[in-house]
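Please read them with the structure open.

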Amino acid sequence: MAGGGIFLVTIALIAGMIGWLSAPSYNLTIASAAGGSVTTPGEGTFTYYEGTVVILMARAEEGYRFVEWTGNVSTTANVEAARTTITMGGNYSITANFTQYIVQVATGAAHTVGVKSDGTVVAVGYNWTGQCNVGNWTDIVHVTAGAAYTVGVKSDGTVVAVGYNNDRQCDVGDWTSIIQVAAGDFHTVGVKSDGTVVTVGGNSSGQCNVSGWTDIVQVAAGWYHTVGVKSDGTVVAVGYNDNLQCDVDSWTDIIQVAAGSAHTVGVKSDGTVVAVGGNSSGQCDVGDWTDIIQLAAGAAHTVGVKSDGTVVAVGGNSSGQCDVGGWTDIIQVTAGDLHTVGVKDNGTVVAVGRNDEGQCNVDGW
């Protein structure tokens with residue numbers, strides 16, 4: 001009996017091994033985009049039996065962060081996680097994607113915030129509601145500044161905020177998978193990695209009515225309106241429209257938008273600029289601008305960076321916020337109510353305009 005039991009067990013084991021060996025095998029081809037690599041199982045082509053759960057681990061280089069896995073990812077547990085798994089059910093080809101930490105500045109009504117290349121954040125200016133209390137923030141990849149509050153996106157897609165919160169514009173603690181944020185005076189908008197949009201804060205003019213938006217790649221927030229660029233270059237807008245600042249339905253081929261208090265501007269892929277909304281100070285007089293790569297909109301002024309690193313500006317200049325004619329080597333600008341800040345290609349920062357609260361004290365950044 002004992003010998004027969006061993007024989008039966010042996011036959012069962014052999015049958016199981018034959019079944020396992022006869023299972024189809026598939027190739028998994030792994031690659032990485034610039035900014036990182038796949039450490040587990042590595043990069044190249046690997047062969048696994050059907051049903052095998054393969055551990056994936058991607059590592060970003062210094063100055064970069066992991067974004068997502070792309071390709072044949074239908075059986076990937078979490079495409080937005082640097083460490084995840086993929087279950088083999090066919091021949092798959094996947095890529096680990098990364099994005100660069102970019103030195104970036106943002107301006108509120110009277111404060112200025114900057115993200116450093118190491119993911120820490122600095123701030124100067126008016127701090128009566130704690131909008132500059134960002135000294136303990138780390139791993140930040142993007143910031144935005146509202147009238148009296150500051151919002152930051154972390155590399156894992158979560159969001160932090162400090163400052164004025166009477167309209168709950170800082171209630172972003174449960175947001176996930178965020179790739180970009182924008183802050184108005186009293187509302188905050190976030191773009192998720194799937195192209196949908198979330199908002200919190202004041203909605204008196206419908207500026208938070210974005211639940212149906214899809215395929216969004218970038219958003220901007222004005223005083224009481226919200227604007228979004230879709231992946232096809234068209235633009236959508238909601239909110240207060242007394243100055244026609246939301247009349248963007250006819251815009252096409254847009255790569256970036258900016259929203260002032262009551263005006264909206266957009267850069268087209270050919271470097272020209274379009275504008276709608278209030279123009280009492282000439283902030284929409286951008287029809288002759290060319291070769292623009294990035295825009296910013298203040299309360300009543302508009303600023304643009306040209307591909308050669310010089311800067312142009314129109315609109316209200318009561319505090320010298322448009323005095324940017326001598327700037328060179330600029331890669332990004334931002335505009336507050338009455339001040340303008342620019343980042344140079346060496347990571348230093350320049351500023352002009354009203355400085356009563358020290359919002360332009362960025363010389364040491």
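The numbered points below go from the whole chain to single residues.

1. Confidence. This is a predicted model. The average pLDDT of the chain is 92, and 92% of the residues score at least 70.

2. Overall make-up. The chain consists of 365 residues, of which 46% are buried. Its secondary structure amounts to 28 strands and 1 helix. The C-alpha trace spans about 100 × 45 × 40 Å along its principal axes. Of the contacts between residues at least 6 apart in sequence, 42% link residues at least 24 apart.

3. Main nonpolar core. The largest nonpolar core holds 17 residues, and Leu 28, Leu 56, Trp 69 and Ile 94 have the most contacts inside it. Two or more residues each come from strands E1 (25–32), E4 (53–60), E5 (64–71) and E7 (92–100). E7 supplies the largest share, 4 residues.

4. Another core, of 12 residues, lies apart from the largest one. Its members include Val 153, Val 159, Trp 175 and Ile 178.

5. A three-stranded sheet. Which order do the strands of this open sheet take? The order is E8-E9-E10, with antiparallel pairing across the 3 strands. E8 (104–107) and E10 (121–125) are the edge strands and have a single partner strand each, so one side of each has no neighbour in the sheet. Ignoring direction, neighbouring strands are turned by 15° against each other on average. E8 is joined to E9 (residues 111–115) by 4 bridges, and Thr 107 has Thr 112 in E9 as its bridge partner.

6. Gly 114. This residue belongs to strand E9. With a relative accessible area of 4%, Gly 114 is buried, because the cut-off for that class is under 20%. Beyond its neighbours within four places in sequence, Gly 114 contacts Gln 104, Val 105, Thr 120, Val 121, Val 122 and Trp 365. The C-alpha atom of Gly 114 is 11 Å from that of Gly 135, which is 21 residues away along the chain.

7. Gln 131. Leaving out residues up to four places away in sequence, Gln 131 touches His 111, Tyr 126, Ala 148, Tyr 149, Thr 150, Val 162 and Gly 163.

8. His 301. Strand E24 (residues 301–306) contains His 301. The relative accessibility of His 301 is 0%, so it counts as buried. A polar contact of 2.9 Å links its side chain to that of Thr 340.

Note on methods:
Residues numbered from 1 in each chain as written. Predicted model: local features only at pLDDT ≥ 70, side-chain atom pairs only at ≥ 80, totals over all residues. Heavy atoms only, no water. Pairing = 2+ DSSP bridges. Axes fitted to C-alpha atoms, helices over the stretch in contact; angles between N-to-C directions. Core = buried A, V, L, I, M, F, W, Y, C linked by side-chain atoms within 4.5 Å. Buried < 20%, exposed > 50% of the residue type's maximum accessible area, 1.4 Å probe, protein only. Polar contact = N/O pair within 3.5 Å; in protein donor to acceptor, adjacent residues only side chain to side chain. pLDDT = per-residue confidence, 0-100. Contact = heavy atoms within 4.5 Å.
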